[in-house]
Amino acid sequence: MQLSVDPASATPPYEQIRAQIAEQARTGELATGLRLPTVRALAETLGLAAGTVARAYRELEADGVVETHGRRGTLIAAVGDSAHRLAAAAAAEYAERVRRLGVPPEDALAAVDGALRVAYRDDAAEG
């Protein structure tokens, strides 16, 4: 697993770690079931506080990218299925909320389109 943290970046270190692990899992560079280093070991390797790495791992777990199994450690989850399932759930929640608010479908789609453009433009700018 290759990770690097740019201390001069505007992106917080935990987010740099989270994004790199998520991308490597998505592309298959990190195989499903691969055990990640412990929080302390990775923090030491990267020269960061353990809390920084722990936050990245917590967010990866919340996103379904990794699974924590006690003594077995933190493992790469089956990301494709999990990521798509979580995206579909978030989309359904958004659709229900805008419907309740009375937002017309075309306005709701425009809002999503704008948000995605901003989010992916930010990713492209960092890369």
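**Reading a helix and its charged pairs**

Mentor: Helix H3 has 13 residues and reaches 18 Å from its first C-alpha to its last, close to the 18 Å expected at 1.5 Å a residue. The expected span of a helix is 1.5 Å times one less than its number of residues. Helices (H or I, at least four residues) and strands (E, at least two) are DSSP runs, numbered from the N terminus. Please note that this is a predicted model, in which local features need pLDDT of at least 70, side-chain atom pairs count only at pLDDT 80 or more, and totals for chains, interfaces and linings use all residues. Residues are numbered from 1 along each chain as its sequence is written, and side-chain values use heavy atoms, with hydrogens and water left out.

Trainee: Which residues of H3 are buried?

Mentor: Buried means under 20% relative accessible area, exposed over 50%, and partly exposed in between (1.4 Å probe, protein chains only). In H3, Val-53, Ala-54, Ala-56, Tyr-57 and Leu-60 are buried. They lie on the same side of H3, because they cover an arc of only 160° around the axis. That arc is taken from the directions from the helix axis to the C-beta atoms. Arg-58 and Ala-62, on the other side of H3, are exposed.

Trainee: What covers the buried residues of H3?

Mentor: The cover includes H1, H2, strand E1 (66-68) and strand E2 (74-76). Contact here means heavy atoms within 4.5 Å.

Trainee: Are Arg-55 and Glu-59 buried, partly exposed or exposed?

Mentor: Arg-55 is partly exposed, with a relative accessible area of 36%. Glu-59 is also partly exposed, at 25%.

Trainee: How many salt bridges does the structure hold?

Mentor: There are 7 salt bridges. One of them joins Glu-15 and Arg-18, whose closest N and O atoms are 2.6 Å apart. These two residues both lie in helix H1, 3 residues apart, about one turn of the helix. Glu-15 counts as partly exposed because its relative accessibility is 21%, whereas Arg-18 is buried, with a relative accessible area of 17%. Glu-15, Arg-18 and Asp-63 are linked in a network of salt bridges.

Trainee: What does Arg-18 touch, beyond residues up to four places away in sequence?

Mentor: Arg-18 touches Ala-56, Glu-59, Leu-60 and Asp-63.

Trainee: Which residue forms a salt bridge with Arg-26?

Mentor: Arg-26 pairs with Glu-23, the closest N and O atoms being 2.7 Å apart. About one helical turn separates them, because they are 3 residues apart in helix H1. Arg-26 is exposed, with a relative accessible area of 55%, and Glu-23 is partly exposed, at 37%.

Trainee: What pattern does the protein follow along the sequence?

Mentor: The pattern is α-α-α-β-β-α-α, built from 5 helices and 2 strands. Buried residues make up 24% of the 127 residues in the protein.

Trainee: Which element has the lowest mean pLDDT, and which the highest?

Mentor: pLDDT is the predictor's confidence in each residue, from 0 to 100. Helix H4 (residues 79-101) has the lowest mean, 80, and helix H2 (residues 39-46) the highest, 97. The protein averages a pLDDT of 89, and 91% of the residues score at least 70.

Notes
A salt bridge is a side-chain nitrogen of Lys or Arg within 4 Å of a carboxyl oxygen of Asp or Glu.
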